[in-house]
Amino acid sequence: LKHPRNRLGSVTTCIRRELAAMGRRGQGLGPRQTALLGLAWLFVTSGKDTTDYYATLDVGKKADKTEIKKAYRAKSLEYHPDKCELEHDVCQAKFIEVSTAYEVLSDDEKRKVYDKHGVDGLKEGAQDSDNAKAMFRQYFGREPDGNVRIVRRGGQMMFVEEGEPGPQENIYDDTSVIQLQQEEEVWKNYIHQRDEPWVVQFYKPNDDESVAIKGEYVKLADTFKDFLKISAVNCRKQRNICGQASIDSFPAIRWFPLDREAPPEIYEGPLTAKALGKWASEMMPDSAVVVEDKHQLRRWLDGVKSGPAVVLFTASHSTPAMWKALSTEFKPPRANLAVVRRCDKNGVFKTPLQRDFDVTIPQVVHLDPLDEHGKIAEKYTFELRKEVLTLWLQKLVMQAKKAGPAATFKEWTTQSLEAGECSPKDSQFCFLWLKAGADPHVEEAMRKLAQKYRTDPIKMLWVNLEMTPSLLDAFALEESETGHTDFFVAFRPKRSKFKVHKGALRFEELDAFVDGTLNGGPLEGRLKVPRIEL
């Protein structure tokens with residue numbers, strides 16, 4: 001009896017030898033032999049784990065997986081700390097027993113071994129670290145500190161957090177990186193309910209690589225701080241958040257997009273400020289329209305329904321991150337932002353639009369959409385910083401709101417005609433400005449006209465006569481001198497009827513012509529061609 005339990009084999013061997021010797025001496029099964037047999041049974045059974053997992057879950061030995069799972073859910077809920085009315089240690093022990101039983105009986109191989117050999121047939125310490133961590137999370141509702149062991153103390157099983165060595169303090173305090181604080185409410189407010197994209201680095205201050213990239217990550221934040229949220233989460237202090245984000249290696253960088261329902265994007269490139277900056281810029285949402293020539297610019301301007309039209313001329317081959325951020329903040333209908341890329345800073349190999357507008361690079365301009373491909377209404381002459389540009393754009397937005405709906409003549413193109421604009425089925429009045437030159441007085445008159453009738457249910461369009469001379473035939477203008485002459489035509493496409501303005505192209509006379517037409521003035525001409533082609 002003095003032998004420790006780990007020498008149980010020696011004790012039982014001695015007892016067997018004594019019983020055998022008694023037998024050889026011809027002694028019967030007297031009180032001594034009976035006591036030895038009882039002692040042997042006591043030692044054998046005291047070293048054997050007779051835990052009944054089926055009884056723990058209160059299911060029969062022939063229970064299927066569905067029954068086992070259902071029983072486990074009920075039992076784990078019964079002993080969960082939110083529901084259990086027993087002492088804390090008892091609840092924890094019972095919860096571990098239930099979870100261990102489920103782990104064994106829900107696994108076909110483990111269940112086979114258990115049914116044949118019992119708990120001892122399973123590997124000692126079958127609860128590996130991952131399984132123990134999973135039980136810990138379910139019971140406490142948080143991530144453990146380091147590895148988790150399940151130990152037996154005082155006859156009950158308990159969780160033991162081993163803890164991690166090394167520092168655990170934040171490393172991004174007092175930098176331009178937004179160090180998200182420990183409260184989960186902060187994470188929910190900033191990330192789950194975000195209204196803009198976020199870059200988040202998950203790190204551990206006791207991880208060498210996490211510490212090594214601190215300088216590069218701070219450089220990234222310094223560069224993007226005005227137009228992108230660059231943040232960090234300390235996974236030593238915020239284990240729950242890191243667990244919910246499925247972070248298992250460090251450092252881990254994620255892009256949380258504008259769409260709250262979309263999963264985060266994983267960064268897998270080099271951990272340098274340059275590489276991270278390129279990736280972040282590519283990931284940023286971009287509402288700016290890329291235009292390369294005057295035709296694309298014209299189509300963009302024609303699509304402007306409200307708000308100012310603003311263009312950035314840049315030498316960059318991609319839309320700059322700052323302009324992307326502004327295009328998201330000032331997207332239609334608030335404002336309309338476009339970009340002309342790959343301009344030549346030196347002015348030697350200018351792009352077509354750079355040459356047409358004669359701008360230095362980089363340059364931001366506000367366009368008046370009335371001209372054939374837009375005129376510069378105002379140049380931005382301040383430092384290219386986001387906060388200053390934001391104020392300037394806000395001023396343009398307020399001016400546009402005060403002016404009301406956008407007042408402009410749209411270009412009449414093949415695409416717009418095919419889309420139904422002033423097509424044979426269109427019943428609205430169309431007032432067509434047939435442009436043959438670039439007379440600033442006429443353009444100013446047309447601008448005023450568009451402004452006055454901007455809320456009327458009519459269409460005001462312009463078309464280049466040099467590109468579409470067939471319109472001269474359509475409206476019986478073939479004998480006119482068109483070299484320096486514009487025309488103004490009232491057209492009712494569904495009726496194929498029109499009327500040409502005969503007077504000077506001054507605002508007062510144009511206004512009287514439009515007003516008279518809308519108030520019942522007759523359209524005397526009939527279209528001279530079966531179908532207009534642009």
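**Exercise 1. Find how many disulfides the model holds, and give their pattern.**

Step 1. Apply the rule: a disulfide is a pair of cysteine sulfur atoms within 2.5 Å. The count comes to three disulfides. The model is predicted: local features need pLDDT of at least 70, side-chain atom pairs count only at pLDDT 80 or more, and totals for chains, interfaces and linings use all residues. Residues are numbered from 1 along each chain as its sequence is written, and side-chain values use heavy atoms, with hydrogens and water left out.

Step 2. Take the pairs in turn. Cys 84 and Cys 91 have sulfur atoms 2.0 Å apart. Cys 235 is joined to Cys 242, S to S 1.9 Å. Cys 422 and Cys 430 have sulfur atoms 2.0 Å apart.

Step 3. Count the bonded cysteines along the chain. The pattern is 1-2, 3-4, 5-6.

**Exercise 2. Decide the handedness of each disulfide from the torsion about its S-S bond.**

Step 1. For Cys 84 and Cys 91 the torsion is about -80 degrees, so this disulfide is left-handed.

Step 2. For Cys 235 and Cys 242 the torsion is about -90 degrees, so this link is left-handed.

Step 3. For Cys 422 and Cys 430, -110 degrees about the S-S bond makes a left-handed link.

**Exercise 3. Work out how strands β16, β17 and β18 are arranged.**

Step 1. Locate the strands (E in DSSP, runs of at least two residues, numbered from the N terminus). β16 spans residues 487-492, β17 residues 497-500 and β18 residues 525-526.

Step 2. Look for pairing, which needs at least two DSSP bridges between two strands. β16 and β17 pair in the antiparallel sense over four bridges. Ala 490 has Lys 499 in β17 as its bridge partner. β17 and β18 also pair in the antiparallel sense, over two bridges. Here Phe 498 has Gly 525 as its partner.

Step 3. Check the turn. β16 and β17 form a hairpin with four residues between them. Ser 496 in the turn has a positive phi of about 60 degrees.

Step 4. Read the faces. In a regular strand the side chains alternate between the two faces of the sheet. In β17, Phe 498 and Val 500 form the covered face, while Lys 497 and Lys 499 form the uncovered one.

**Exercise 4. Identify the residues with the most contacts inside the largest nonpolar core.**

Step 1. Define the core: a set of buried Ala, Val, Leu, Ile, Met, Phe, Trp, Tyr and Cys residues joined through side-chain atoms within 4.5 Å.

Step 2. The largest core has 41 residues, and Tyr 172, Tyr 217, Phe 224 and Trp 323 have the most contacts inside it. Apart from this core lies another, of 27 residues, including Phe 95 and Met 135.

Conventions: Buried < 20%, exposed > 50% of the residue type's maximum accessible area, 1.4 Å probe, protein only.
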